[in-house]
Amino acid sequence: MPHPSIFAKTTPNKPAYIMTDTGETVTYLDLEQASNKIAHLFHNAGLKKHDHVALMMENHVRFFEIIWAALRSGVIITPISTALLDEEVAYILSNCEAKLFITTPKYSKIAQSALKVENIDHYYMVGNPINGYSHFEVAIENLPETPLAEEIQGATMLYSSGTTGVPKGVYSPPNSDDIHVIKPIFNAIGQTFKFGPHVKYLSPAPLYHAAPLAYNIVNMIFGGTSYIMSKFDAEKSLATIEKYKTNYSQWVPIMFVRMLKLPEAARKKYDVSS
């Protein structure tokens, strides 16, 4: 099964994903170059195989560049829920033993609190940084767009919601160090639901959640294009389907409830036949 770097060579100008609210587009070549730069950032920070990176970010155009950097540099990355409180974020940052933390100005209050976490050596902010954080874009600006000399497959580790106690990190190690050997679960999802270059996947949910994260990763492994909303909105979802002619998506019941509660005129206003 291909790695997205393959599509940077075969279909470099094809969008890997589009942010639907702004139209910002990241092609497969863009994704390749940016993820390589960030992989070099991790390497230069001294991160080794299985070291941990934490990411707290809204649905942002840089999100999957950072994810794919982790997945090609051997590190374990934890996307953190943006709904958590300061102390909950601090617990996860400490528990996963993150050595590097990336966030945005939107979470400046939590970011300030995170500076107290002793195991973190490097703090980066995408956008204008607060005191204690380095400017992410400046840090990667002059780094190589070419792969690391030794690429190692990384992994994600998400945390449970903590309903039966403190949140727990859920980790499934890669089955190979080779970045081109795709995890069986991703391959199974792709094969079962017939993902491929024809897929235009609408992603309406927060990217730190397990399913949106996994389905977008699968879509890029199989060469499709993801259409990422900044946040779910019932009518805007229908309008986005009409605008981009998306043909795949993943939803939870409350999203359908909210769409079904729209006035009939609103529901029938959009062409969702795709």
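## The largest cavity

About 130 Å³ of space lies in the largest cavity of this predicted model. It is one of two cavities of 30 Å³ or more. The lining of the largest cavity has 13 residues. Trp68, Leu71, Gln153, Gly154 and Phe186 lie nearest its centre.

Which elements give two or more residues to this lining? They are α3 (63–71), β8 (155–159) and α8 (210–221). By class, the lining of the largest cavity has eight nonpolar residues, four polar and one charged.

## The second largest cavity

The second largest cavity has a volume of about 40 Å³. Its lining consists of His3, Pro4, Ser5, Leu31, Glu32, Ser35, Trp68 and Arg72. Trp68 also belongs to the lining of the largest cavity.

Two or more of the residues lining the second largest cavity come from α1 (4–10), and two or more from α2 (28–44). The largest share is that of α2, with three residues. By class, this lining divides into three nonpolar, three polar and two charged residues.

Strands of a sheet pair through backbone hydrogen bonds, in a parallel or an antiparallel sense. At one end of the order, β6 (residues 122–125) pairs with β7 in the parallel sense, over two bridges. Here tyrosine 124 has serine 134 of β7 as its bridge partner.

## Around strand β4

On one side, β3 (residues 52–56) pairs with β4 in the parallel sense over four bridges. Histidine 52 has isoleucine 76 of β4 as its bridge partner.

Which way do the residues of β4 point? Ile76 and Thr78 point one way, and Ile77 and Pro79 the other way. All of these are buried.

## Linking the parts

β3, α3 and β4 make a right-handed β-α-β unit. The helix of this unit, α3, gives two or more residues to the lining of the largest cavity.

Conventions
Residues are numbered from 1 along each chain as its sequence is written. This is a predicted model: local features need pLDDT of at least 70, side-chain atom pairs count only at pLDDT 80 or more; totals for chains, interfaces and linings use all residues. Side-chain values use heavy atoms; hydrogens and water are left out. On a 1 Å grid over the protein atoms alone, a cavity is a set of points where a 1.4 Å probe fits but cannot get out, and a pocket is an open set with protein on both sides within 12 Å along at least five of seven lines; lining residues have an atom within 4 Å of a point. Grid points are joined across faces, edges and corners, and a volume is the space filled by probe spheres set on the points. Ala, Val, Leu, Ile, Met, Phe, Trp, Tyr, Cys and Pro count as nonpolar, Asp, Glu, Lys and Arg as charged, and the others, Gly among them, as polar. Two strands pair if DSSP finds at least two bridges between them. Buried means under 20% relative accessible area, exposed over 50%, partly exposed in between (1.4 Å probe, protein chains only). A crossover is right-handed if, with the strands pointing away from the viewer, the path from the first strand over the helix to the second runs clockwise.
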